[in-house]
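I opened this structure for the first time today and kept notes as I went. The entries follow the order in which I looked things up.

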Amino acid sequence: MTPTACPQCTLENTYPDGDRTVCADCGFEWPTQAAAEDDQEDSRVVRDANGNVLADGDSVVLIKDLKVKGSSITLKVGTKVKSIRLVGGDHEVDCKMEAGSFMLKACFLKKA
């Protein structure tokens with residue numbers, strides 16, 4: 001396990017203590033699990049239908065008509081969605097449109 005830098009003093013003189021990590025220089029403690037989860041989140045890459053990497057705040061366009069489950073609404077091809085937010089799970093994109101808020105799969109989107 002490589003030592004992580006202290007979030008408070010940024011020195012790398014840290015050690016694990018049970019489920020926490022402790023900085024030997026300033027005495028600051030933080031949960032070890034949270035640091036591991038942050039690393040996993042940073043390594044997540046979400047790509048659109050064309051293989052372009054998506055990021056929070058991007059604008060995308062629907063490439064297929066999508067029927068909304070439990071509703072009579074259909075999201076039409078070519079609909080532009082502004083300011084997306086990436087989330088975990090199999091529906092990677094959270095967005096708001098005129099029809100409401102939706103969770104979409106990135107394979108049905110292309111970057112605008």
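Below are my entries, from the whole chain down to single residues.

**Entry 1: ground rules.** I am working with a predicted model, in which local features need pLDDT of at least 70 and side-chain atom pairs count only at pLDDT 80 or more, while totals for chains, interfaces and linings use all residues. Residues are numbered from 1 along each chain as its sequence is written, and side-chain values use heavy atoms, with hydrogens and water left out.

**Entry 2: overall make-up.** I looked up the elements and found 1 helix and 13 strands. Along the sequence I read the pattern β-β-β-α-β-β-β-β-β-β-β-β-β-β.

I then checked burial: 26% of the 112 residues are buried. Buried means under 20% relative accessible area, exposed means over 50%, and partly exposed lies in between, with a 1.4 Å probe and protein chains only. The protein exposes about 7600 Å², of which carbon and sulfur atoms supply 48%. Such areas come from the Shrake-Rupley method with a 1.4 Å probe, and for residues only the protein chains shown count as cover.

For contacts (heavy atoms within 4.5 Å), I took the pairs at least 6 apart in sequence; 37% of these join residues at least 24 apart.

**Entry 3: the start of the chain.** Leu11 sits in the segment before E1. I noted it as partly exposed, because its relative accessible area is 42%. Beyond its neighbours within four places in sequence, Leu11 is in contact with Thr4, Ala5, Cys6 and Asp25.

Thr14 belongs to strand E1, residues 14-17. Thr14 is buried, at a relative accessible area of 14%. A polar atom of its side chain lies 2.9 Å from the backbone oxygen of Thr4.

Entry 4: E1 runs antiparallel to strand E2 (residues 20-23), and 4 bridges join them. Two strands count as paired if DSSP finds at least two bridges between them. Opposite Asp17 I found Arg20 in E2. The hairpin has 2 residues between its strands, and Gly18 takes a positive phi near 70° there.

**Entry 5: cysteines.** How many disulfides does the structure hold? I found 0, taking a disulfide as a pair of cysteine sulfur atoms within 2.5 Å. Cys26 is in no disulfide, and the nearest cysteine sulfur, that of Cys23, is 3.6 Å away. Is Cys95 buried or exposed? Cys95 counts as buried because its relative accessibility is 3%. Cys26, at 38%, counts as partly exposed.

**Entry 6: an open sheet.** I traced 3 strands in the order E9-E6-E13, forming an open sheet with antiparallel pairing. The edge strands are E9 (80-81) and E13 (109-111), each pairing on one side only. Between E6 (residues 60-62) and E9 I counted 2 bridges. Val61 stands opposite Lys80 in E9.

Entry 7: Asp58 lies in the loop between strand E5 (53-54) and E6. Is Asp58 buried or exposed? Asp58 is buried, since its relative accessible area is 16%. Not counting residues up to four places away in sequence, Asp58 touches Val53, Val81, Lys82, Ser83, Ile84 and Lys111.

**Entry 8: the nonpolar core.** The largest nonpolar core has 17 residues, and those with the most contacts inside it are Leu54, Leu75, Ile84, Met97 and Leu104. By definition, a core is a set of buried Ala, Val, Leu, Ile, Met, Phe, Trp, Tyr and Cys residues joined through side-chain atoms within 4.5 Å. E6, strand E11 (93-97) and strand E12 (100-104) are the elements that give two or more residues to this core. E11 supplies the largest share, 3 residues.

I also looked up the contacts of Leu54, leaving aside neighbours within four places in sequence; among them are Val46, Val60, Ile84, Leu86 and Val93.

**Entry 9: E11 and E12.** A hairpin joins these strands through 2 residues. E11 and E12 run antiparallel and are joined by 5 bridges. Met97 has Gly100 in E12 as its bridge partner.

How values were computed:
Polar contact = N/O pair within 3.5 Å; in protein donor to acceptor, adjacent residues only side chain to side chain.
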